[in-house]
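Open the model in your viewer and follow along, one selection at a time.

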Amino acid sequence: ESMKISLSERSLELEKIKSELSGVVKENKKLQSLNMKLSSENEKFAMEMEEETLGDIGDDLKKIGGRFDFRFDVIILKLFALGLSLKQVEGTLQQAFDELGASFDMPSRTYMNNLRADLGPICDIIAGLRLASAVRYTQLAHDGSSIFENETLCVTVIAEFPDGSFEEIILNASFLVEGKDAEVTHSCIILIFDRIREKYAEFARACPDLNLPPANEISLTKFATSGLMSDNNTTALKVSKLMKDSIEQAVKAELLAEDVDFDSLSAEERRDIMMIVDERCFSHIRCLCANDSVKIENEYMKANFLIP
């Protein structure tokens, strides 16, 4: 009997080890895949840099009149766009140009920080172009967090384009807000839309020959048939409700400008024009379910077993 118990215990231990080993193997494959992707991106970037620099280096990499050549600025911006820190950008530039045998002046940290600040308006203009080009927005997702006790907000939109394709547009990856209450968060999302529309409008006016879509195409009315994604806490749910109210007001105002009273339409007609679905994060729901199941299990154990 003792031997059976021992064998059973060892069998369980073996299954546990096998399970852990399987997890390690899966994680290793995942890391290998990620490493291959990063290597591919680095190789592509190195080839682009070589084409841009070796073709006609001249004084492009030298500081003249307090500034560097635009091509050098673009290289630095590309490195920042990859998510590299200031120190990593310095190291990459040093290693890359040393290997290329190119003589260059290392930009100061102040210069590169000022250059990195340009990414904000550039990202706004690109996001604005995608939002203006879309036929509708199918989802708005928002999530708040804290970084060193500073409240931040991330907002993304999934948009559908005339060719039937879809794209996720990051409106803001880390937007500093005054607080985490629903009203402030909702106001910040509206502010992000307004800011992107304003920056894009300035760019479009400066480039009339490009025939860009008008800035008024960036509108909350494109959320008329969409989903609002958030996690499950009370504040996030209230933010989604406030956003839903703002979208409804925008849609009704647009219809009213066309002499259409939304409230006078039939229920079916209203549903065809506007249907906004409340969506929830699956991972958050899964965690809530797991938490509830643990509570039920604990209560059962307390009621049926003596816990030392």
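At what angle do the axes of helix α2 and helix α4 cross? Keep in mind that this is a predicted model. Select residues 70–81 for α2 and residues 109–117 for α4. Their axes cross at roughly 70 degrees and come within 10 Å. Angles of 65 to 115 degrees count as roughly perpendicular, so α2 is roughly perpendicular to α4.

Now show the side chains where these helices touch. On α2, pick Asp73, Ile76, Leu77 and Phe80. On α4, pick Tyr111, Met112, Leu115 and Arg116. Colour the residues of this contact by class: six are nonpolar, two are charged and none is polar.

**Next stop: α4 and α5**

How far apart are the axes of α4 and α5? They lie 4 Å apart, and the helices pack at an angle of about 20 degrees. An angle under 35 degrees counts as roughly parallel, so α4 is roughly parallel to α5.

Select Leu115, Arg116 and Ala117 on the α4 side. Across from them, select Leu119, Gly120 and Pro121 of α5. By class, this contact has four nonpolar residues, one polar and one charged.

**Next stop: the largest pocket**

Which residues lie nearest the centre of the largest pocket? Select Leu119, Ile122, Cys123, Asp124 and Ile126. They belong to a lining of 20 residues. The pocket's volume is about 510 Å³.

Which element gives the most to this lining? It is α5, with eight residues. Colour the lining by class, and you get 12 nonpolar, six charged and two polar residues.

**Last stop: a pair of rings**

How many aromatic pairs does a search of the whole structure find? It finds two. For one of them, select phenylalanine 193 and phenylalanine 223. Their ring centres are 5.8 Å apart. The ring planes stand at 80 degrees, so this pair is edge-to-face.

Phenylalanine 193 sits in helix α6, residues 182–206. Phenylalanine 223 is in the loop between α6 and β4 (225–230). The pair therefore ties together parts that are 30 residues apart in sequence.

Technical notes:
Residues are numbered from 1 along each chain as its sequence is written. Side-chain values use heavy atoms; hydrogens and water are left out. Axes are lines fitted to C-alpha atoms, for helices over the stretch in contact, and angles run from 0 to 180 degrees between N-to-C directions. Helices (H or I, at least four residues) and strands (E, at least two) are DSSP runs, numbered from the N terminus. Angles under 35 degrees count as roughly parallel, over 145 as roughly antiparallel, 65 to 115 as roughly perpendicular and the rest as oblique. Contact means heavy atoms within 4.5 Å. Ala, Val, Leu, Ile, Met, Phe, Trp, Tyr, Cys and Pro count as nonpolar, Asp, Glu, Lys and Arg as charged, and the others, Gly among them, as polar. On a 1 Å grid over the protein atoms alone, a cavity is a set of points where a 1.4 Å probe fits but cannot get out, and a pocket is an open set with protein on both sides within 12 Å along at least five of seven lines; lining residues have an atom within 4 Å of a point. Grid points are joined across faces, edges and corners, and a volume is the space filled by probe spheres set on the points. Rings of Phe, Tyr and Trp (its six-membered ring) pair if their centres lie within 6.5 Å; planes under 30 degrees apart count as stacked, over 60 as edge-to-face and the rest as tilted.
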